[in-house]
Amino acid sequence: MSSHEGSVSVTTSDQITEEGLKAVGNTPDPRTRQIVEALIRHSHDFAREVKLKPEELLYAAEFLKRCGEVTDASRHEFILLADVLGITMVVNTITADAPDGTLEPSVLGPFYRSGAPEVPNGADLSHRGDADGVPAHVSGRVLAADGTPIPGAELDVWGTNANGLYENMDPGQPDYNLRGRLHTDEQGRFEFWTVKPVSYPIPADGPVGELFEATKRTNMRPGHLHFIVSAEGYTTVVTELYTDDDEFIDSDPVFGVKASLLAHYELITDEEKIAAAPRKQPYWDLRRDLVLTPGTRTGVQFTAGREEPSR
Ligand SMILES: [Fe+2]
């Protein structure tokens, strides 16, 4: 039995927070310590603010468990959750050092696959022609802020076809359809063909879909083309270019749209130009220079795979 004098004091939630912080006080790595301490402080404050009930805490645990259960090689529900809560874009924004005029970052999204085929400039990333959508020609230069071309810069590009699905979610599309990696030439120029991006719903059949239903949000993303642009001596930029005439351009559920990332596609109907195009039909043309800032070239940690359709 304890033999403390006086009345037994009631433990307050603030004392538990203090104890929690003390418990991790010996964490050797300073960054780990900073993050874990902040996690304890903010989560305790969060629970106090909303007066979180035990059954709600349990619900949250089950929600996260189910996020894990629907995550597979081609789908990452936790990334999607961070995206739709705006956490991804907060992190991108506070870490980006993108002066005016340089390429700003946006969300990676849960559907990136590394190892896309390397293609020459001018290649068509669409393997199925009309079945993939309306052709789009994308070209420009990769430049330093002073306008110097960056030769050999890599563009890793991916997009959906006209049904709004990435190839790794759609058994009807060939492997790595509408994905490719290309490199700028000596003048920093790049050029490729794809299809004009369409708006698409983020997956609604998992826990993130339930969150959208509960909060009555739209889950439609405005049409966009994904890019990872990298070159030796420059900061790698993970970003998206957003189709400026898309009906959902002002309500992106993952908050990725920025003014500098709006892209205007011009419809080309000129017969001579059509005759020189791979698919001999009217197409959309996007011209865009991409400006990088000096820094470190980095890789991308997460990459989805492809689920082979079950037979
Ligand atoms: Fe996307």
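Trainee: Which residues are the protein donors of the iron ion?
Mentor: In this predicted model, the donors are Tyr166 through OH, Tyr200 through OH, His224 through NE2 and His226 through NE2. They lie 1.9 to 2.2 Å from the iron ion, and a donor must be within 2.8 Å of the metal. Along the sequence, their spacing is Y-x33-Y-x23-H-x1-H.

Trainee: Why is the site of the iron ion called irregular?
Mentor: The angles among its four donor atoms run from 89 to 167 degrees. A tetrahedral site needs all angles between 85 and 135 degrees, so the value of 167 degrees rules out that label. The site is classed as irregular.

Trainee: What makes H1 roughly antiparallel to H2?
Mentor: Helix H1 (residues 13–23) packs on helix H2 (residues 30–50) at an angle of about 165 degrees, with the axes 9 Å apart. Angles over 145 degrees count as roughly antiparallel, and H1 is therefore roughly antiparallel to H2. Their crossing is right-handed.

Trainee: Which residues of H1 and H2 make the contact?
Mentor: H1 contributes Ser13, Asp14, Ile16, Thr17, Gly20 and Leu21, while H2 contributes Glu37, Ile40, Arg41, His44 and Arg48. By class, three are nonpolar, four polar and four charged.

Trainee: How do you know that H4 and H6 are roughly parallel?
Mentor: The axes of H4 (residues 77–84) and H6 (residues 207–215) cross at roughly 25 degrees and come within 9 Å. Angles under 35 degrees count as roughly parallel, so H4 and H6 are given that description. Their contact has seven nonpolar, no polar and one charged residues.

Terms used:
Residues are numbered from 1 along each chain as its sequence is written. This is a predicted model: local features need pLDDT of at least 70, side-chain atom pairs count only at pLDDT 80 or more; totals for chains, interfaces and linings use all residues. Side-chain values use heavy atoms; hydrogens and water are left out. Axes are lines fitted to C-alpha atoms, for helices over the stretch in contact, and angles run from 0 to 180 degrees between N-to-C directions. Helices (H or I, at least four residues) and strands (E, at least two) are DSSP runs, numbered from the N terminus. Angles under 35 degrees count as roughly parallel, over 145 as roughly antiparallel, 65 to 115 as roughly perpendicular and the rest as oblique. A crossing is left-handed if the near helix is turned anticlockwise from the far one by less than a right angle, and right-handed if clockwise. Contact means heavy atoms within 4.5 Å. Ala, Val, Leu, Ile, Met, Phe, Trp, Tyr, Cys and Pro count as nonpolar, Asp, Glu, Lys and Arg as charged, and the others, Gly among them, as polar. Donors are N, O and S atoms within 2.8 Å of the metal (3.2 Å for Na, K and Ca); water is not among the atoms, so sites may look incomplete. Four donors count as tetrahedral if all angles lie between 85 and 135 degrees; four count as square planar and six as octahedral if opposite donors are over 155 degrees apart and all others between 65 and 115; anything else is irregular.
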